[in-house]
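Please keep the model open while you go through this note.

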Amino acid sequence: MNVSVRHVTKGFGATPVLKDISLEIRDRELFFLLGPSGCGKTTLLRLIAGFYQPEEGGVFFGDRPMNGVPPHQRNTGMVFQNYALWPHLTVAENVAYGLDVRRFSAAKKKQRVAETLGIVQMENLADRSPNQLSGGQQQRVALARALVIRPDVLLLDEPLSNLDAKLRLEMREEIRRIHEQTRITTIYVTHDQKESLSLADRLAVLHDGVVEQVGEPRAVYGAPANRFVADFIGETNWLPGDVETASAEGARLRTEFGRLLAEGKPGLAPGQAVWIGFRPEAARIGTDEVNVLRCRINRVTYLGEIEEYELALSATATIKAFEQNPLAIRRPGAELAVHVRPQNLFVMPR
Ligand code: ATP
């Protein structure tokens with residue numbers, strides 16, 4: 001089922017929370033709504049579920065307008081952050097609940113519950129009560145309860161945020177597997193960029209009630225639309241500069257730390273003031289023919305798989321660089337050159 005959100009506006013009292021949001025979520029897609037706390041992602045998810053109505057614009061499931069359709073008639077399954085399981089019902093009864101409301105026969109219900117507990121690999125714990133389950137197992141039951149009705153759209157609101165780091169990774173893989181198996185159109189809300197980069201077919205970055213960018217994880221990480229997206233998804237070093245020359249192939253940029261070449265970047269004009277950005281992992285140790293920055297090491301942080309450096313370009317400008325599997329131990333105070341490939345530079349108007 002494809003889901004269209006068209007020019008949706010929603011506020012609470014005088015505060016606008018969603019400001020003219022439009023999104024096209026494709027059939028069978030695992031789509032992420034990603035953004036910082038308060039950006040409006042839960043409000044948008046609840047609006048798609050039917051708990052809120054938009055003030056302007058509309059939500060469509062396929063060609064069917066959903067404005068005015070109550071939640072229980074939308075055929076969506078929802079999973080909440082806190083699981084919201086019934087403590088007095090067993091696992092199987094919790095999962096069957098959505099079918100009771102839909103008046104399934106006893107035999108059909110039993111079969112469907114067993115099938116769905118199979119999908120989340122919980123068939124052996126069907127008779128347990130929720131308080132006899134671990135957090136990860138409770139989350140599986142919550143998923144089963146949402147899946148049992150065979151929803152057209154699955155809505156997940158920060159489903160892993162109550163789990164510890166290791167379980168979160170495990171359940172991430174589970175959600176990927178379940179989505180691959182069921183191929184239900186899924187809309188997943190999170191503020192965790194790693195979760196969205198690792199799982200999403202496509203993602204939308206929201207900020208202050210506005211969609212900043214939509215795309216596949218690699219496209220958004222590799223070519224963020226603006227500084228907000230670049231800083232929210234991953235880390236970015238920024239240097240102020242000016243455009244010296246610009247052509248279809250690339251731009252020559254002037255900075256107080258030397259000249260930099262950027263590949264591509266249409267739409268730049270000579271003389272334009274810009275921010276030049278690059279990821280810490282794009283800063284490669286050593287010199288090259290172009291884009292060399294000469295620095296002094298301020299700080300070295302050992303993180304196991306990588307060494308993280310804070311490097312001073314001047315008395316006030318610092319950048320961050322990562323080195324994978326370092327051979328030498330580098331010390332603060334030492335000089336170090338790094339270079340950045342022209343295709344790894346972001347250039348944004350200043
Ligand atoms: P979080 O990750 O913290 O849940 P979010 O991006 O999901 O954040 P929303 O829950 O959609 O954000 O909230 C967006 C804004 O709307 C916030 O400023 C919040 O305080 C406000 N808000 C949300 N629900 C209501 C409500 N029922 N009444 C009044 N204000 C609300």
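1. A word on the source. This is a predicted model. Read every value below as computed from that prediction.

2. Start with helix α2 (residues 91–101) and helix α3 (residues 106–119). Their axes come within 10 Å and cross at roughly 120 degrees. That angle makes α2 oblique to α3. The crossing of α2 and α3 is right-handed.

3. Now the residues behind that crossing. α2 contributes Val91, Ala92, Val95, Ala96, Leu99 and Asp100. They meet Lys109, Arg112, Val113 and Leu117 of α3. By class, seven residues in this contact are nonpolar and three are charged, with no polar ones.

4. Turn to helix α4 (residues 135–147) and α5. Here the axes come within 11 Å and the crossing angle is roughly 20 degrees. Angles under 35 degrees count as roughly parallel, so α4 and α5 are roughly parallel to each other. The crossing of α4 and α5 is right-handed.

5. On the α4 side, the contact is made by Gly136, Gln139, Arg140, Leu143 and Leu147. On the α5 side, the residues are Leu167, Glu170, Met171, Glu174, Ile175 and Ile178. The contact of α4 with α5 divides into six nonpolar, two polar and three charged residues.

6. Stay with α5, which spans residues 165–182. Histidine 179 lies in this helix. Is histidine 179 buried or exposed? Its relative accessibility is 6%, so histidine 179 counts as buried. Leaving aside residues up to four places away in sequence, histidine 179 touches Arg28, Glu29, Leu30, Ile184, Thr186 and Asp201.

7. One of those contacts, Leu30, falls in strand β3 (residues 30–34). β3 pairs with β9 in the parallel sense, over four bridges. Phenylalanine 31 has arginine 202 in β9 as its bridge partner.

8. How much of strand β9 (residues 202–207) is covered? The strand is mostly covered, with five of its six residues buried.

9. β9 also pairs with strand β10 (residues 210–215). This pairing is antiparallel and runs over five bridges. Alanine 204 has valine 214 in β10 as its bridge partner.

10. Finally, look at the turn. β9 and β10 form a hairpin, with two residues between them. Aspartate 208 sits in that turn and has a positive phi of about 55 degrees.

Terms used. Residues are numbered from 1 along each chain as its sequence is written. This is a predicted model: local features need pLDDT of at least 70, side-chain atom pairs count only at pLDDT 80 or more; totals for chains, interfaces and linings use all residues. Side-chain values use heavy atoms; hydrogens and water are left out. Axes are lines fitted to C-alpha atoms, for helices over the stretch in contact, and angles run from 0 to 180 degrees between N-to-C directions. Angles under 35 degrees count as roughly parallel, over 145 as roughly antiparallel, 65 to 115 as roughly perpendicular and the rest as oblique. A crossing is left-handed if the near helix is turned anticlockwise from the far one by less than a right angle, and right-handed if clockwise. Contact means heavy atoms within 4.5 Å. Ala, Val, Leu, Ile, Met, Phe, Trp, Tyr, Cys and Pro count as nonpolar, Asp, Glu, Lys and Arg as charged, and the others, Gly among them, as polar. Buried means under 20% relative accessible area, exposed over 50%, partly exposed in between (1.4 Å probe, protein chains only). Two strands pair if DSSP finds at least two bridges between them.
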